[in-house]
Amino acid sequence: MSAFLTYLLNGLAVGCAIALVASGLVVIHRVTGVVNFAQGTFAVVAGLCVSSLLGLGIPHGVSELAAVAVAAFAGLLAGVAAIGRRDTTPLSSLIVTLGVGVLAYAVEIVLWGDQPRSAPGLAGSVTLAGARIQTQHLLVIGVTAATFVLLALFFGRTYLGKALTACASNPYAARVVGIDVRRMGLLAFALGGLLGGLAGVLVTPLRPISFDTDVTLIVNGFAAAVFGALTRPVVTLVGALLLGVAETMAAGYGYGSHQLEVALGLMIVVMIVQASRRSTLSQEVT
Amino acid sequence: MIGRVAVPVVAVVTLALPAVLDDSALAVYILLGLAAMVTVGVSLLMGYAGQVSLGQGAFYGIGAYTAALLTLGGVPPLAGLVAAPVVAAASALVVGTPLLRLRGHHLAFATLAMQLILLSVAGQLEFTGGDIGLQGIPQFGVGSWEAGGAAAYAYLTWAGLALVMLVTRNVITSRPGRALRALATSETAAASSGIPVGRYKLVVFALSAAFAGLAGGIYCYYTGYVAPGSFPVLISIQYIVMAVVGGLGTIWGAVVGATAITLLVQGLDGLATLPGMPSYAPTVLSYAVYALVLIGMVLFMPRGLVPALSRRRKSLSERV
């Protein structure tokens with residue numbers, strides 16, 4: 001029983017990290033219609049940054065904030081490449097973000113080499129109802145919960161957040177009332193970078209990160225975001241938690257080598273079920 | 001007019017090159033031909049049927065593993081080479097039936113997931129040799145003749161490429177080809193004019209998989225070795241880069257794109273291995289080239305090299 005609880009809590013922490021990556025995808029997709037393939041890259045950049053900054057002796061807190069800021073800047077750059085030019089279709093933008101991700105490989109190898117790197121996080125563990133859980137896991141869960149609350153407040157209560165939502169629901173109408181849709185798109189990309197960076201900073205102490213970890217991150221994040229049809233953050237959070245728990249349980253009860261297949265298979269099934277419920281016409285670009 | 005002059009010239013140069021190139025240049029020449037073969041399929045799929053596949057490397061891998069397993073099991077290499085595209089196409093039919101209900105970025109991620117699953121499975125199964133892969137694959141041969149040198153593989157590769165291009169040309173100019181172009185622009189409109197959209201998409205998917213499978217088959221005989229590491233996700237991205245560079249939906253564009261990218265990466269490789277360069281230089285440069293070329297082309301020349309050049313030629317001749 002206590003093993004089950006341990007797996008459940010660890011799974012929730014893994015799911016929270018996935019949720020952060022996925023929420024970045026959702027924010028960008030909602031506002032710009034672009035699926036950002038470089039979303040995992042932001043996490044990798046932040047993770048590598050934090051390992052370097054801590055290595056230089058810069059204290060905790062400052063290093064993490066700086067790394068997240070770097071990731072947000074990377075998000076902004078990706079946004080400039082993906083939607084900076086007018087008349088870039090969402091699918092072209094997807095291919096551009098694919099290119100951004102590969103370009104990031106080159107930069108990351110030059111700066112950090114191709115070996116996995118780790119960073120010290122919160123040490124120690126707590127015992128909760130007989131289950132041992134690392135403090136870092138609790139931190140991940142706490143930060144994710146706070147982030148989702150802040151996101152909900154931002155989108156629901158602030159002028160800027162409402163402008164972003166307006167761009168998402170009808171870009172033409174948003175332009176008519178004087179919202180700069182492209183600037184909002186870039187803002188969404190920066191926000192996506194920030195969320196990805198947060199995930200990277202939190203995950204790096206748990207599992208070492210290398211330049212090509214982004215494929216696993218983006219695939220898991222996309223799988224979670226697909227639950228919410230790439231637009232609904234709360235469903236995405238639920239999807240991510242499910243995915244994290246399912247993967248951790250699979251690993252914990254001895255199917256560890258099939259962890260990736262579980263996640264990917266689940267994603268494909270969800271996508272196919274969703275596609276069969278939508279009409280062809282509604283998916284076509286008009 | 002120009003096509004009538006260019007095709008024989010290209011054919012003669014292609015046939016003459018293996019005789020004059022040395023072994024290391026031949027290796028590039030063969031890999032270039034194989035990449036072009038896969039890229040023709042990607043270009044057909046993306047340009048005509050409007051579907052993005054980020055998992056074309058999976059079919060390349062399936063072809064390679066099929067040929068390798070059969071030949072190691074004692075089947076004649078020719079049968080192995082024939083089976084490679086057939087098995088790849090059959091698996092595309094099986095995988096494509098559910099997957100092709102998806103479109104756009106969903107399909108892109110689903111095909112990527114397919115390749116990741118395949119790589120992971122091939123790395124764990126006993127009979128595929130796990131992460132180490134299969135070694136000691138016999139040379140390709142027909143009857144008593146055996147392909148000894150690289151030149152033989154070069155001819156084999158380019159014969160395969162010619163076959164692939166011919167099949168593609170015939171498909172495009174036929175009635176189904178017109179139907180494909182129609183469904184790339186609007187599936188609803190195509191379906192309402194009586195085009196069996198689902199079946200056509202599936203057939204093109206299988207055809208592009210067959211091309212990749214054939215290339216994979218030749219690859220396994222040439223290198224004598226296959227492993228999951230030979231078919232990384234990056235290889236699928238590389239085919240997309242080549243197809244986009246050459247121009248989607250053009251047969252020659254795929255060949256031009258594959259040639260341009262391969263030569264560019266090779267040239268930079270030569271530069272990167274110069275004394276004094278850091279050891280990571282070749283990897284970094286090739287990543288950077290793929291990325292910058294892909295971004296640059298999609299943003300500034302979305303129709304690709306071949307259509308852009310032929311349009312310029314047309315406008316020049318009109319001015320004259």
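View 1. Helices (H or I, at least four residues) and strands (E, at least two) are DSSP runs, numbered from the N terminus. H9(B) covers residues 197–223 and reaches 39 Å from its first C-alpha to its last, close to the 39 Å expected at 1.5 Å a residue, where the expected span is 1.5 Å times one less than the number of residues. Just after H9(B), Gly224(B) takes a positive phi of about 70°. Because this is a predicted model, local features need pLDDT of at least 70 and side-chain atom pairs count only at pLDDT 80 or more, whereas totals for chains, interfaces and linings use all residues. Residues are numbered from 1 along each chain as its sequence is written, while chains are lettered from A and ligands numbered from 1 in the order in which they are written.

**View 2. Helix H9 of chain A, with Ala225(A) as one of its residues.** H9(A), residues 214–227, has 14 residues and reaches 20 Å between its first and last C-alpha, close to the 20 Å expected at 1.5 Å a residue. Twelve of these 14 residues are buried, so H9(A) is largely enclosed by the rest of the structure; among them are Asp214(A), Asn220(A), Phe222(A) and Phe227(A). Ala225(A) counts as buried because it has 31 C-beta neighbours inside 10 Å. Leaving aside neighbours within four places in sequence, Ala225(A) is in contact with Ala22(A), Leu25(A), Val26(A), Leu230(A) and Thr236(A), a contact being a pair of residues whose C-beta atoms, placed from the backbone, lie within 7 Å. After the helix comes Ala229(A), whose phi is positive, near 50°.

**View 3. The side of chain A that touches chain B.** In this interface, 36 residues of chain A are in contact with 35 residues of chain B. The elements of chain A that give two or more residues to this side are helix H4 (90–112), H9, helix H11 (259–277) and helix H12 (280–283), and H4(A) gives the most, with 14 residues. The residues of this side divide into 25 nonpolar, seven polar and four charged, where Ala, Val, Leu, Ile, Met, Phe, Trp, Tyr, Cys and Pro count as nonpolar, Asp, Glu, Lys and Arg as charged, and the others, Gly among them, as polar. As to confidence within chain A, the mean pLDDT is lowest in H12(A), at 54, and highest in helix H8 (residues 181–203), at 89; pLDDT is the predictor's confidence in each residue, from 0 to 100.

View 4. Leaving aside neighbours within four places in sequence, Pro282(B) is in contact with Asp269(B), Ala272(B) and Thr273(B). The C-alpha atoms of Pro282(B) and Gly270(B), which are twelve residues apart along the chain, are separated by 8.4 Å.

How values were computed
A residue is buried if 20 or more other C-beta atoms lie within 10 Å of its own, exposed if 12 or fewer, and partly exposed in between; C-beta atoms are placed from the backbone. Two residues are in contact if their C-beta atoms, placed from the backbone, lie within 7 Å.
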